[in-house]
Amino acid sequence: MQLTSLPNSLRPREKLIAKGAKALTDAELLAIFLRTGLPGMNVIELAQHLLNENKTLHNLFNASIEEFCSQKGLGTAKYVQLQAVLELSQRYMQERCQRDAVFNSPNSVYDYLTLQMRGLQQEVFMVLYLDSQNRLVKDEILFYGTINSASVYPREVVKAALKNNAAAVIFAHNHPSGIAEPSQADKLITNKLQQALQLVDISVLDHIIVGGETCVSFAERGLI
């Protein structure tokens, strides 16, 4: 059925205006992004087809450009538009989190870190600098590559924490493999960093490992 044949209450754009974006299904929201369907398939049907093929929004949004453009109804222009939308959404959420975030428990920081590190193909080491009320001052990626004593330098971490006038810090790094379990190297470097920061009266509240959609907290495990 052509989209124009549907009543206004079932057309995605009109439905969004009348009821708000939260009232729409995944397929309806994706249809607004796609704008047009294909011969014999209206835009909602195309959107549902893509969701069925990819299983999840995560799979569709994280597909490589080659994988994305090989699918029915998609191409380079749509890939570019989607990546721009995703980046704008991430920057908006970062601004909101940085304004409102108070990190006083592992759960309060999980969503923030998952947003920051989702989809990264390279391992990175991030530091969250907090004030005396555990409010986020700034986050910063300090090191790239496999995390071990050779690639993470305590002196640089101490310098950065002092520069940002941090009262406390939270360390975070990702495991692109999706397995969030801490390695022996993770434990050793965390202990070394904790000792270095104690000398300048900066507390280490946690070290969180992000693996896909899963996070593991050193504080919850009793490792800090």
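Buried here means under 20% relative accessible area, exposed means over 50%, and partly exposed lies in between, with a 1.4 Å probe and protein chains only. Lys15 is buried by this definition, because its relative accessibility is 14%. The structure is a predicted model, in which local features need pLDDT of at least 70 and side-chain atom pairs count only at pLDDT 80 or more, whereas totals for chains, interfaces and linings use all residues. Residues are numbered from 1 along each chain as its sequence is written, and side-chain values use heavy atoms, with hydrogens and water left out.

- Lys15 lies in helix H1, residues 12-19, where helices (H or I, at least four residues) and strands (E, at least two) are DSSP runs numbered from the N terminus.
- Leaving aside neighbours within four places in sequence, Lys15 is in contact (heavy atoms within 4.5 Å) with Asn8, Ser9, Gly20, Ala23, Leu24 and Glu28.

- Leu74, once its neighbours within four places in sequence are left aside, is in contact with Leu34, Leu50, Leu60, Phe68 and Cys69.

**Surface patch**

- Leu16, Ile17 and Leu29 form a nonpolar patch on the surface, with about 270 Å² of accessible area together; accessible areas come from the Shrake-Rupley method with a 1.4 Å probe, and for residues only the protein chains shown count as cover.
- Patches are made of residues with over 30% relative accessible area and no salt bridge, like charges being joined within 9 Å and nonpolar side chains (Val, Leu, Ile, Met, Phe, Trp, Tyr) within 5 Å.
- Leu29 is found in helix H2, residues 26-34, and is partly exposed, with a relative accessible area of 35%.

**Salt bridges**

- The count comes to four salt bridges, a salt bridge being a side-chain nitrogen of Lys or Arg within 4 Å of a carboxyl oxygen of Asp or Glu.
- Asp131 forms a salt bridge with Arg135, the closest N and O atoms being 2.8 Å apart; Asp131 is buried at 18% relative accessibility, whereas Arg135 is partly exposed at 42%.
- Between Lys159 and Glu156, which form another salt bridge, the closest N and O atoms are 3.8 Å apart, and both residues lie in helix H8 (residues 154-163), three residues apart, about one turn of the helix.
- Lys159 counts as partly exposed at 47% relative accessibility, and Glu156 counts as partly exposed at 35%.
- The side chains of Glu181 and Arg221 meet in a salt bridge at 2.8 Å, N to O, and the pair links distant parts of the chain, 40 residues apart, with Glu181 in the loop between strand S3 (168-174) and helix H9 (184-198) and Arg221 in helix H10 (residues 218-221).

**Cysteines**

- A search of the whole structure finds zero disulfides, a disulfide being a pair of cysteine sulfur atoms within 2.5 Å.
- Cys69 counts as partly exposed at 25% relative accessibility, whereas Cys215 counts as buried at 17%.
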